[in-house]
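Colleague: I have the sequence and the model open in my viewer. Shall we walk through it together, one question at a time?

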Amino acid sequence: MTGGSIRSLWHEAPDLLEFEASVLDAEPGRVRLSHSSFYPGGGGQPADRGVLRWAGGEVRVERIEADGDLVWHALAEPVLIETSVLGVVDAAFRRQMCQLHTDLHIVNALAFQAFDGALVTGAQIGDDGTARIDLDLPGADSDRVRALEPAINDAIRQNLAVSQLYVPADTAAAERGLLRSRSVSPPPQSDGTIRVIEIAGLDRQACGGTHLSSTGQSPPVRILKVDNKGRHNRRIRISLVG
Ligand SMILES: [Zn+2]
């Protein structure tokens, strides 16, 4: 086992979707790289899709197996790659994930304001242009939830800047609403800080996923459905429009 954690380019350089990397370890159908732009999945956001290219050809990345420092790229074919590679993340897929993920932050922020600190109980982004978020909204009227749609689209139209920062875990715990989820909060970084996503003037919350750099990069959204999934679980499904 080689030491050192994988460099998570999806955080450090979110726009870098093609990267060269050296192979640290290889098995047929599996390769461990020095660093990667492939988001491994988590927090309701699916893993990135894409390919690795090397002197012998090209192979699709099927999934990312992250286990501490061991981050393997599982490949669609049992090839053995022992040279350096060019990783290419599927840009259209990543862009849609970033749009839906950022839009879920907006939904969540507006619900948090409108319903006095509603917490997130789950979230899942689909590959069909829709995503859902589950919020703890006991007793809330579903029509009031649906009525958030114009405010969501206002926040998109205002093209608010989205940025990431790292705050110490104890500071994060002390800020109301920063740790908003019981189920999808990111683990602290190796230096003990928590990654926070800020939408300027609207929201700050801990998150480990990938996001747009401004809200206006998303098309408008529609609230497709608001379902009751138990007393502490209101499920809101949104769809990108156009
Ligand atoms: Zn997020």
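**The zinc site and its surroundings**

Modeller: Happy to! A word before we start: the model is predicted. Along the sequence, the residues that donate to the zinc ion follow the spacing H-x3-H-x101-C-x3-H.

Colleague: Which parts does the pair H105 and H211 tie together, and how many residues apart are they in sequence?

Modeller: H105 belongs to helix 2, while H211 sits in the loop between strand 14 and strand 15. The pair therefore ties together parts of the chain whose separation in sequence is 106 residues.

Colleague: Which atoms coordinate the zinc ion, and at what distances?

Modeller: Three of the donor atoms are NE2, from H101, H105 and H211, and C207 gives its SG. These atoms coordinate the zinc ion at 2.0 to 2.1 Å.

Colleague: What arrangement do the four donor atoms make around the zinc ion?

Modeller: For four tetrahedral donors the ideal angle is 109.5 degrees. To count as tetrahedral here, all angles must lie between 85 and 135 degrees. Around the zinc ion the angles are 99 to 122°, so the arrangement is tetrahedral.

Colleague: Are H105 and H211 buried or exposed?

Modeller: The cut-off for buried is under 20% relative accessible area. H105 has a relative accessibility of 4%, so H105 counts as buried. H211 is at 12%, so H211 also counts as buried.

Colleague: What does G209 touch, leaving out residues up to four places away in sequence?

Modeller: G209 has its place in the loop between strand 14 and strand 15, and at 1% relative accessibility it counts as buried. With those sequence neighbours not counted, G209 touches H11, Y39, Q45, H101 and R195.

Colleague: Where do the buried residues of helix 4 fall, seen down its axis, and what do they pack against?

Modeller: In helix 4 (residues 149-157), the buried residues are I152, N153, A155 and I156. Seen down the axis they fall within an arc of 155°, so they line one face of the helix. The face turned away from this buried side carries the exposed residues P150 and R157. The buried residues pack against helix 2 and strand 15.

Colleague: What follows helix 4, and what is its phi?

Modeller: After helix 4 comes N159. The phi of N159 is positive, near 50°.

Colleague: How many bridges join strand 10 to strand 11, and which residue stands opposite A123?

Modeller: Strand 10 and strand 11 (residues 130-135) run antiparallel and are joined by five bridges.

Notes:
Residues numbered from 1 in each chain as written. Predicted model: local features only at pLDDT ≥ 70, side-chain atom pairs only at ≥ 80, totals over all residues. Heavy atoms only, no water. Pairing = 2+ DSSP bridges. Helix = DSSP H or I, 4+ residues; strand = E, 2+ residues; numbered from the N terminus. Donors = N, O, S within 2.8 Å, 3.2 Å for Na, K, Ca; no water. Tetrahedral: all angles 85-135°; square planar, octahedral: opposite > 155°, others 65-115°. Buried < 20%, exposed > 50% of the residue type's maximum accessible area, 1.4 Å probe, protein only. Arc of directions from axis to C-beta. Contact = heavy atoms within 4.5 Å.
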